Amino acid sequence: MKIEATSSDAPATSSDAPETPGVLLAGGLARRMGGGDKPMRQIGGRTILDRVIARLKPQCDGLILNANGDPARFAAFGLPVIPDGVTDFPGPLAGILAALDWAAANRAGIAWVLSAAADCPFLPRDLVARLHAARAEQDAQLAVAASDGQSHPVIGLWSVALREELRHALVVEDIRKIDRWTARYKMATVEWQVDELDPFFNANTMDDIAEAERLAALDGG
């Protein structure tokens, strides 16, 4: 079921929702930008990853970064860096599973983890609170964000209790598309309004970086 979110985009703190750590998915390579880590590209003098952290840190009970390769390249951000636990599995589901495993091992009692793409610099400041509200209202097992009629399945809430089912789907069933796995569960979808700025805009190309510079000015820099 989809819920339309009408919001002033006022900041929401982690106290507005159950304790929820967040994982920033930084696994994609910027092939259309010449390679490298997309979140390390700069917009308005700040890296995209800086902007994502600033948006989510007030909403989450701690952040972790999912990335493969040498974690030292992210050392300046001061976040735990966790690689995919399922080898040779490209895709966000592997990063989500790594985050659920991390939460189970390091945060006893945590029931939910938020995932977000690390190349979305304008994420809503009320993302966690609204996803949790929709999930609770609908008694859903998952919750994802949407805007302009399009779902954003990498931006959502994931139940730690489903991690073994996700592992089976990845390792045994070789499921790689998020939608194929989430279709098995009751899922709440929350639609954010798009005016001049889509809060789930992501930077995939150099043209996107140029557009992000313009949007950053609309968003206050």
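A nonpolar core is a set of buried Ala, Val, Leu, Ile, Met, Phe, Trp, Tyr and Cys residues joined through side-chain atoms within 4.5 Å. Keep that handy, and remember that the model here is predicted.

**Exercise 1.** Find the residues with the most contacts inside the largest nonpolar core, and work out which element supplies its largest share.

*Solution.* Start with the core itself: it has 43 residues, and L24, L49, L56, L114, L123, L127 and L131 have the most contacts inside it. Next, look at who contributes: α1 (48-56), β7 (112-117) and α3 (127-138) are among the elements that each supply at least two residues. The largest share, 5 residues, comes from α1. Now zoom in on L56: leaving out residues up to four places away in sequence, L56 touches L24, L63, L114, A116, L123 and L127. Apart from this core lies another one, of 28 residues, with L25, A98, L100 and I110 among them.

**Exercise 2.** Describe how helices α2 and α4 pack.

*Solution.* First the geometry: α2 (residues 92-106) and α4 (residues 163-171) pack at an angle of about 145°, with axes 10 Å apart. Their crossing is left-handed. Then the contact: α2 brings L93, A94, I96, L97, L100, D101 and A104, while α4 brings R163, L166, R167 and L170. Sort those residues and you get 8 nonpolar, no polar and 3 charged.

**Exercise 3.** Check the length of α3 against what its 12 residues should span.

*Solution.* At 1.5 Å a residue, expect 16 Å; the end C-alpha atoms are 17 Å apart, so the two agree. While you're there, note that the buried residues of α3 include L127, L131 and H132. Just after the helix, D139 takes a positive phi of about 50°.

Key:
Residues are numbered from 1 along each chain as its sequence is written. This is a predicted model: local features need pLDDT of at least 70, side-chain atom pairs count only at pLDDT 80 or more; totals for chains, interfaces and linings use all residues. Side-chain values use heavy atoms; hydrogens and water are left out. Buried means under 20% relative accessible area, exposed over 50%, partly exposed in between (1.4 Å probe, protein chains only). Helices (H or I, at least four residues) and strands (E, at least two) are DSSP runs, numbered from the N terminus. Contact means heavy atoms within 4.5 Å. Axes are lines fitted to C-alpha atoms, for helices over the stretch in contact, and angles run from 0 to 180 degrees between N-to-C directions. A crossing is left-handed if the near helix is turned anticlockwise from the far one by less than a right angle, and right-handed if clockwise. Ala, Val, Leu, Ile, Met, Phe, Trp, Tyr, Cys and Pro count as nonpolar, Asp, Glu, Lys and Arg as charged, and the others, Gly among them, as polar. The expected span of a helix is 1.5 Å times one less than its number of residues.
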